[in-house]
Amino acid sequence: MKRFKILSVGTSGITDQEAVNRIVLVNSISLAVSISIAAIGPVICYMLNWRLSVVLALSAEFVINWSVIVLNYYRRHKAASLVLYFLQCTAITYFGFSLVRLFHVEFVIILLIAIIYLIFREKVLRRIALGGALCVLVLLEVYYYRIDATPSVIVNYNEAYFLRTLLVISIISITILVS
């Protein structure tokens, strides 16, 4: 019996166990990120005074994360993997620009690079994904270098510490899930 049926969405009828594992992993990451957004998002929004740009971005990321499972349901497995991967690249870039170094989102790029070989089988998709992650890293580093690297959203030290702790716990949880 499977623990969570939602994780196996899109795997019925597939005999290649490696392909099944990739689909389950993509569904798992999508679900884990969605749960993280649902758990941590309201706290972040509250501490940032429900800043519309953050609320809308987190809401969009939550909805698009769930679309990954829908894509797998309709057997669009490559599309699901690409949407998941590049949604995270986009989110890292957006929050990296808008919240500057409040969250140190550039460290999430390491997780993205680590999962490339787990979610993409084709060499060309792996290269595209690696290129996307490296572009995000370069964009963030150039942006941080060119501007004053103080957060555009001002929170006190305790709030920043609490938000970073939540983010680190979320990243560690997703990393453990992927392992």
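These legends accompany several close-up views of one predicted model.

The model is predicted, so local features need pLDDT of at least 70, side-chain atom pairs count only at pLDDT 80 or more, and totals for chains, interfaces and linings use all residues. Residues are numbered from 1 along each chain as its sequence is written, and side-chain values use heavy atoms, with hydrogens and water left out.

**View 1. The largest nonpolar core.**
This core holds 42 residues. A nonpolar core is a set of buried Ala, Val, Leu, Ile, Met, Phe, Trp, Tyr and Cys residues joined through side-chain atoms within 4.5 Å. Buried means under 20% relative accessible area, exposed over 50%, and partly exposed in between (1.4 Å probe, protein chains only). Val-54, Tyr-85, Ile-92, Phe-95 and Ile-119 touch the most other members. Two or more residues each come from α1 (17-47), α2 (52-73), α3 (77-98), α4 (108-119), α5 (123-146) and α6 (157-178). Of these, α1 gives the most, with 10 residues. Helices (H or I, at least four residues) and strands (E, at least two) are DSSP runs, numbered from the N terminus.

**View 2. Ile-119 and its contacts.**
Ile-119 is among the core residues that touch the most other members. Which residues does Ile-119 touch, not counting residues up to four places away in sequence? They are Arg-22, Leu-25, Val-26, Ile-29, Ser-81 and Tyr-85. Contact means heavy atoms within 4.5 Å. Tyr-85 is also one of the core residues that touch the most other members.

**View 3. Ser-34, a buried serine in α1.**
Ser-34 sits in helix α1. Ser-34 counts as buried because its relative accessibility is 2%. Its side chain makes a polar contact with the side chain of Trp-66, at 3.5 Å. A polar contact is a pair of N or O atoms within 3.5 Å; within protein, one must be able to donate a hydrogen and the other to accept it, and residues adjacent in sequence count only if both atoms are side-chain atoms. Leaving out residues up to four places away in sequence, Ser-34 touches Phe-62, Asn-65 and Trp-66.

**View 4. The largest cavity.**
A search of the whole structure finds one cavity of 30 Å³ or more. The largest cavity has a volume of about 490 Å³. On a 1 Å grid over the protein atoms alone, a cavity is a set of points where a 1.4 Å probe fits but cannot get out, and a pocket is an open set with protein on both sides within 12 Å along at least five of seven lines; lining residues have an atom within 4 Å of a point. Grid points are joined across faces, edges and corners, and a volume is the space filled by probe spheres set on the points. The lining has 26 residues, with Val-33, Glu-61, Gln-88, Leu-167 and Ser-170 nearest the centre. At least two lining residues come from each of α1, α2, α3, α4 and α6. The largest share, seven residues, belongs to α1. By class, 21 lining residues are nonpolar, four polar and one charged. Here Ala, Val, Leu, Ile, Met, Phe, Trp, Tyr, Cys and Pro count as nonpolar, Asp, Glu, Lys and Arg as charged, and the others, Gly among them, as polar.

**View 5. The second largest pocket.**
This pocket has a volume of about 210 Å³. Its lining has 13 residues, and Arg-22, His-77, Lys-78, Ile-119 and Glu-122 lie nearest its centre. At least two lining residues come from each of α1 and α3. With four residues, α1 gives the most. The lining divides into six nonpolar, three polar and four charged residues.

Neither is a glycine, yet Asn-49 has a positive phi of about 55 degrees and Trp-50 a positive phi of about 50 degrees. Buried or exposed: which describes Asn-49? Asn-49 is exposed, with a relative accessible area of 66%. Trp-50 also counts as exposed, at 52% relative accessibility.

**View 6. Arg-121 in the loop between α4 and α5.**
Arg-121 is found in this loop. Arg-121 is partly exposed, with a relative accessible area of 37%. Its side chain makes a polar contact with the side chain of Asp-16, at 2.6 Å. Beyond residues up to four places away in sequence, Arg-121 touches Asp-16, Glu-18, Ala-19, Arg-22 and Arg-126.
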